[in-house]
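Reader: I am new to this structure and would like to learn how its features are read. Could you guide me through a few of them?

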Amino acid sequence: MNDTAVPAPPAHPDILVAAVALIRDRRVLMVTARGRDVWFMPGGKIDPGESEADAAAREAWEEVTVRLDPAALEPLFTVLIQAHGEPDGRLVRMAVFGAETPDDPSASAEVSAVHWATSADAAHCPPAGVEVLRLLHAAGRID
């Protein structure tokens, strides 16, 4: 008889998402989703078989009508933190990519507003957004 214990899977698997940090004039683009009152990074869940960069570029188009080349995105960092509105222990694992575009982002059908945020705007954000603002500020990318 084998007594090797197999660890149980986590009660709540991480929510895998990818997001874009579009920075201009020391501010980062954030959005308010329809029916929500907090500011999020433009991004969303990664579809099966989709790369993180592909998901980030797709979500940028869907949320702020900006076309980005996934190959041109700059991997910045991954945030692992309690997911907003989810049970305790359910984490969001968000891959954040830097991006540049001359296009002007605008709200799509999924988004009610766009915001150019600094670290001073953290009170508007859920935990993942607060952490992204902190990391971008610490890296000297935003005010």
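Predicted model: local features only at pLDDT ≥ 70, side-chain atom pairs only at ≥ 80, totals over all residues.

Reader: How does one read the length of a helix, and what span does α1 reach?

Author: Helices (H or I, at least four residues) and strands (E, at least two) are DSSP runs, numbered from the N terminus. The expected span of a helix is 1.5 Å times one less than its number of residues. For the 13 residues of α1 that gives 18 Å, and the end C-alpha atoms of α1 are 18 Å apart, in agreement. After α1 comes T65, with a positive phi near 50°.

Reader: Which residues of α1 are buried?

Author: Buried means under 20% relative accessible area, exposed over 50%, and partly exposed in between (1.4 Å probe, protein chains only). The buried residues of α1 are A53, A55, A56, A57, E59, A60, E63 and V64. Their cover includes β1, β2, β4 (43-45), β6 and β7, where contact means heavy atoms within 4.5 Å.

Reader: Why does A60 count as buried?

Author: A60 counts as buried because its relative accessibility is 2%. Leaving aside neighbours within four places in sequence, A60 is in contact with V20, T65, V66 and L68. The C-alpha atoms of A60 and A19 are separated by 7.9 Å, although these residues are 41 apart along the chain.

Reader: Where do the buried residues of α2 lie around the helix?

Author: An α-helix has 3.6 residues a turn, so residues three or four places apart point the same way. In α2 (residues 127-138), the buried residues are A128, G129, V132, L133 and L136. Seen down the axis of α2, they fall within an arc of 135° (taken from the directions from the helix axis to the C-beta atoms), so they line one face of the helix. Among the elements covering them are β1 (15-24), β2 (27-33) and β5 (74-82).

Reader: What is the nearest side chain of opposite charge to D121?

Author: Lys and Arg count as positive and Asp and Glu as negative; His and the chain ends are not counted. A salt bridge is a side-chain nitrogen of Lys or Arg within 4 Å of a carboxyl oxygen of Asp or Glu. D121, in the loop between β7 and α2, is buried yet has no salt bridge, and the nearest side chain of opposite charge, R27, is 5.0 Å away. Leaving aside neighbours within four places in sequence, D121 is in contact with W39, W116 and L133.

Note on methods. Residues numbered from 1 in each chain as written. Heavy atoms only, no water.
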